[in-house]
Amino acid sequence: MAIPPYLQDKLSPKKRSKGKVLFNFLLIASLSLNVYLLQSPLNPDLTLAPENWSIEVAEAEATEISQETDSVQSPGQEDTPVQAVTAISEATSTETDSEKITEDVSSQLQATPVSYTVPSAENGEELLTLHLKIRNSLTHSVCRAMTKEQGCLTMSAYLSRLLSWKFDINKSMRKGDSLDIAYEMVPGKTRFRILKVVYNSQLFNEVYEANYFNGENTKWGSYFDAEGREIAKRVVDKFAPVKNYQEITSLPGDFRKGPVGHKGTDFKTPIGTPVHASFEAKVLRTNWNVRTNGYCVELDHPREGVKTLYLHLSRVLVKPGQYVKQGDKIAETGNTGRTFAPHLHYEIKSRDQKKIVYNPFNFKHIKSYYNTVALEERELFQKKVNLYDSVLQNS
Ligand SMILES: [Zn+2]
């Protein structure tokens, strides 16, 4: 039907406005969808992630750790941006804890997580202490004693790394276990250094302690028990991918569980540290997936039934197909690929399709040992331990 000329002018704007309304509606709908997607977890599998995610993020904050993947991991995981993980971790840690937290509301009033500032006996420096009882999880407990702004996630990450040498922190902590910490503030992104941790475990009926000590003849400080035995194990030089390193910043499965767990062992060490083949090997491949792995090497060890991987290198000194002997220098450490600080990601996995990942500190073909405080430094070590003890007792 023809529209009468007098109506044409009135109809067309109406048509236009209808279109405009539809357009606006679609725009608003798409914006809301975007907002919704941004706020909700990207992957439903991650919604039940344990507190490990927060620890991983805290680690990232502390620039002590990296997330690596190699070609074995499922596609999609590799490109998960760290920011996305941050968002997920915050969302999930609240979610997973929420139930237990309600149950704890009454006890929150009685709980007395205390933070003191006490001048130390030595050169007037200030040592800080925390005394807390475990409730729900390590992260939850630490974040009740200090705020996120004060660095509770980083503190929790440091503690879990230290304690994981003694027991499985995801399974063995019990409500009411006590934790006493002495620490000091340090400049830089790491923010503080833990000087002493005393953990009283009800499950094992044991008191674990770790004392920070940097002797006069050692390059880097480390943690030792009351008898002067190092908390972390060391790999015997013959098998060690790096012989001299500052510390282990992550173990396989340390901070994340399940199929996306950390598969390697991270050795914190300056760029350019020589990297050695753990066993006699044939070089399988080099520099694959460089964006994530950085410069990298994979070795095949038929005799031991494993492959070893070395990631984030600054220099690769071998070629695929080449044979190397145990201990040969194959590369230099670096900070390439997806990493936050210079370190070597070292990985041992089975040659078969199961791709079982091994912890080098309890792998049957690798010998490891505990370092101890040198005899000539025992007196100084004991002095430090006494100082930490007195600060903890008087706070
Ligand atoms: Zn790693």
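Guide: Start with Asn214, which has 14 other C-beta atoms within 10 Å and is called partly exposed. Note that this is a predicted model.

Visitor: What makes Asn214 partly exposed?

Guide: A residue is buried at 20 or more such neighbours and exposed at 12 or fewer. Asn214 has 14, so Asn214 is partly exposed.

Visitor: Where is Asn214 placed?

Guide: Asn214 sits in the loop between strand S5 (206-213) and strand S6 (222-224). Setting aside neighbours within four places in sequence, Asn214 is in contact with Trp220 and Gly221. Leu380 is 166 residues from Asn214 in sequence, and their C-alpha atoms are 9.7 Å apart in space.

Visitor: Is Ser250 buried or exposed, and how do you know?

Guide: Ser250 has 27 other C-beta atoms within 10 Å, and the cut-off for buried is 20 or more, so Ser250 is buried. Ser250 belongs to strand S8 (residues 247-250). From Ser250 to Lys263 there are 13 residues in sequence and 9.4 Å in space, C-alpha to C-alpha.

Visitor: Why is helix H5 called largely enclosed by the rest of the structure?

Guide: Of the 12 residues of H5, 12 are buried, so the helix is largely enclosed. Among them are Cys152, Tyr158, Arg161 and Leu163.

Visitor: How do you know that the length of H5 agrees with what a helix should span?

Guide: The expected span is 1.5 Å times one less than the number of residues. For the 12 residues of H5 this comes to 16 Å, and the end C-alpha atoms are 16 Å apart, so the two agree.

Visitor: What about helix H4: how many of its residues are buried?

Guide: In H4, 7 of the 8 residues are buried, so H4 too is largely enclosed by the rest of the structure. The buried ones include Leu138, His140 and Val142.

Visitor: What makes up the largest nonpolar core?

Guide: The largest nonpolar core has 37 residues, and Val142, Leu159, Leu162 and Ala182 have the most contacts inside it. At least two residues each come from strand S2 (126-133), helix H4 (138-145), helix H5 (152-163), strand S3 (178-185), strand S4 (192-201), S5, S6 and helix H7 (378-393). H5 gives the most to this core, with 8 residues. A second, separate core has 21 residues, including Phe267, Ala281, Val297 and Leu344.

Visitor: Which residues does Val142 touch?

Guide: Not counting residues up to four places away in sequence, Val142 touches Leu132, Cys152, Met155, Ser156 and Leu159.

Notes
Residues are numbered from 1 along each chain as its sequence is written. This is a predicted model: local features need pLDDT of at least 70, side-chain atom pairs count only at pLDDT 80 or more; totals for chains, interfaces and linings use all residues. Helices (H or I, at least four residues) and strands (E, at least two) are DSSP runs, numbered from the N terminus. Two residues are in contact if their C-beta atoms, placed from the backbone, lie within 7 Å. A nonpolar core is a set of buried Ala, Val, Leu, Ile, Met, Phe, Trp, Tyr and Cys residues joined through C-beta atoms within 7 Å.
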